[in-house]
Protein chains: 2
Amino acid sequence: MRKLINDPAEVVSDALHGLAAAHPGLRVDPENRIVVRGDAPRGGKVGLVSGGGSGHEPLHAGFVGYGMLDAAACGEVFTSPVPDQILAATTAVDGGAGVLHIVKNYTGDVLNFGMAAELAGDQDVEVATVVVNDDVAVEDSTFTAGRRGTGGTLFVEKIAGALAEEGAPLDAVAAVAREVVERTRSFGVALSPSTVPAAGHPTFELDEDEMELGVGIHGEPGRRRARAGTAAEIVAATLTAIDTDMPLSGSEVLVLVNGMGGTPLMEQYIAYGATADWLAYRKATVARSLVGSYVTSLEMAGCMVSVCRLTPDLLRLWDAPVETPALRWGR
Amino acid sequence: MRKLINDPAEVVSDALHGLAAAHPGLRVDPENRIVVRGDAPRGGKVGLVSGGGSGHEPLHAGFVGYGMLDAAACGEVFTSPVPDQILAATTAVDGGAGVLHIVKNYTGDVLNFGMAAELAGDQDVEVATVVVNDDVAVEDSTFTAGRRGTGGTLFVEKIAGALAEEGAPLDAVAAVAREVVERTRSFGVALSPSTVPAAGHPTFELDEDEMELGVGIHGEPGRRRARAGTAAEIVAATLTAIDTDMPLSGSEVLVLVNGMGGTPLMEQYIAYGATADWLAYRKATVARSLVGSYVTSLEMAGCMVSVCRLTPDLLRLWDAPVETPALRWGR
């Protein structure tokens, strides 16, 4: 196992220690393993809380900051945070206007965020919840009833975060988050597996010339194995899966070409070039794009494409200033 | 070979195609394989040109933009750009105030940038050159007479770019670039090799429990092979090598913990935590830090640490606004 770690049992704590040292503007609570905006809670502002298993960095802690999340709860690698962590994050950011939970659709996350919302309710903190289920690959999966939440989570956190920053009330922030979920689809492809440090062996096996089409961000099986093709072929399979579920022709779209953690940026740009060509051919207009490793699966090689069909209002909120460790512009 | 590419012979062209599609504010010349700021040349502003072999993305093309480079020349993977490319980049950004070439110290780069500077001189474009040789690992190397240029190149491009943006003359911009080189040291460690697409096999072999201490960004040999240790041990070896060459105790420093391309961000933060601890113990003050995969070696796993001993003026220039695909703040 070739990893830059100290102790497989301490990777989350050690990464949070580094995050705290690198970003003094964030408050890292090592006991609860939550990351909170330095200025939280802000009176009258809806608080945004997300979280999930670790190993998907920069998601979610790297998106805590101005214009995006107020707090992130960090579970063990590929394991949901427990309700107490989520509750601590929720109460830390409640400024009296309520808190939105942004939850990727995995059984453990949905359960634990739900319990935390109930506990927060007992403390008179109003909580709304949006479940992200953007992955069109499979209907049910290893850890999921229904579709998985993957790369599109970034869109939800950015756009809902921008509306919350404007001072919108909880029901409006929740509504825009749900709108983004409804208009977003993702599909991922793995060229190599990743290894959970505490397990010490790859989550799955792939032959040298194989790829997993529709892979999940924990290495869960997708639709099928296939012989690894060119970037253009991989992107075509990816976008065809998305387009079949949500027709893209004639739309104005926001596109994320997301490296899964072990894929070099050069290859991500090659994939983005193929993505732009495919979308142009299908008469979809790319209004905004993002290329990088934002929603990862440890050192998995491969990429995921996420597409959101924009409205003028969603575009405005996407463009709004953001200042987090991993996403930053326009402030 | 598990790569997200179309054709091993076309990876640079295909990546530039994607870069152009993703960043319409840049001008990409596919024939010369150069990337130029959309607003270049700017009258009276010193132009900054860098470049080198591809495979180190986002270096250099990802650093073209406001407050940093004016153009980058992109060679084949791990191969210097040819003089004609560098000349095209130089003339494209010359606004009458001269052009600074920022050259990583590899024999081919130094030679080809030198020839391009001569050719530019024939066209009455004044060129100054700074050679970056920050890597303390080895004195001479596979492709180098003298020390290699690696992660610290980012510091040189950012700080000299900020001074050029302020309107400083060529000699001042060159002087600050040389000052950064003199005050910067780097050292890298590989946990796995990378594979040049056109070659199809890894640049070197490492056993599962081995690491290469002092590795170069093309997979060149470093100081020695050793049994892979913990992140804290790896960082201690790295910083000890730097500190032996340039004592850090009592300094105010800028630190880059740089993923080599295949190392997840979680591990980079673990390495940064160990870095911050080591520097605090040695009474060096971290004024600014950066964690991410900025100067890479395709999908190599491992990390490199670069340290610059700051002055108040260098800190001010580091903090100045920058807006490029890969580095962006404060504008």
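First, the conventions. This is a predicted model, in which local features need pLDDT of at least 70 and side-chain atom pairs count only at pLDDT 80 or more, while totals for chains, interfaces and linings use all residues. Residues are numbered from 1 along each chain as its sequence is written, chains are lettered from A and ligands numbered from 1 in the order in which they are written, and side-chain values use heavy atoms, with hydrogens and water left out.

Start with chain A. Its domain assignment gives domain 1 as 11–182 and domain 2 as 184–310; such bounds come from an automatic or database domain assignment. Between the C-alpha centres of these two domains of chain A the distance is 23 Å. In contact, meaning heavy atoms within 4.5 Å, are 30 residues of domain 1 of chain A and 34 residues of domain 2 of chain A. Together the two domains of chain A bury about 2500 Å², with 65% of that area from carbon and sulfur atoms. Buried area here is the accessible area, with a 1.4 Å probe, that two parts lose on being put together, summed over both. On the domain 1 side, the residues that lose the most area to domain 2 of chain A are A:F78, A:V136 and A:F155, together 25% of what that side buries.

The rule finds one salt bridge across the interface of domain 1 and domain 2 of chain A, a salt bridge being a side-chain nitrogen of Lys or Arg within 4 Å of a carboxyl oxygen of Asp or Glu. A:R147 and A:D245 meet in a salt bridge through their side chains, at 2.5 Å from N to O. There are also 17 residue pairs in polar contact between the two domains of chain A, both residues at pLDDT 80 or more. A polar contact is a pair of N or O atoms within 3.5 Å; within protein, one must be able to donate a hydrogen and the other to accept it, and residues adjacent in sequence count only if both atoms are side-chain atoms. By class, the side of domain 1 of chain A that touches domain 2 of chain A has 15 nonpolar, eight polar and seven charged residues. In that scheme Ala, Val, Leu, Ile, Met, Phe, Trp, Tyr, Cys and Pro count as nonpolar, Asp, Glu, Lys and Arg as charged, and the others, Gly among them, as polar.

With A:R185 its side chain forms a salt bridge at 2.6 Å, N to O. A:D245 is in helix α6 (residues 231–245) of chain A and A:R185 in strand β7 (residues 184–192) of chain A, so this pair ties together parts 60 residues apart in sequence. Helices (H or I, at least four residues) and strands (E, at least two) are DSSP runs, numbered from the N terminus. A:D245 is partly exposed at 30% relative accessible area, whereas A:R185 is buried at 16%. Buried means under 20% relative accessible area, exposed over 50%, and partly exposed in between, with a 1.4 Å probe and protein chains only.

Next, the chains. Chain B and chain A each put 55 residues into their contact. The area buried between them is about 4400 Å², and carbon and sulfur atoms give 62% of it. In chain B, B:R2, B:L4 and B:M266 lose the most area to chain A, together 22% of what that side buries. Four salt bridges cross the interface of chain B and chain A. B:R2 meets A:E208 in a salt bridge at 3.9 Å, N to O. The same rule-based search gives 18 residue pairs in polar contact across the interface of chain B and chain A. Of the elements on the side of chain B that touches chain A, α7(B) gives the most, with ten residues. That side of chain B divides into 30 nonpolar, 14 polar and eleven charged residues.

Over all chains the count is 38 salt bridges. In one of them, A:E165 and A:R42 have their closest N and O atoms 2.5 Å apart. A:E165 lies in helix α4 of chain A and A:R42 in the loop between β2 (34–37) and β3 (47–54) of chain A, so the pair ties together parts 123 residues apart in sequence. A:E165 is buried at 16% relative accessible area, and A:R42 is partly exposed at 33%. A:K45 and A:D70 form a salt bridge at 2.7 Å, N to O, and both are buried. A:R37, A:D39, A:R42, A:K45, A:D70 and A:E165 are linked in a network of salt bridges.
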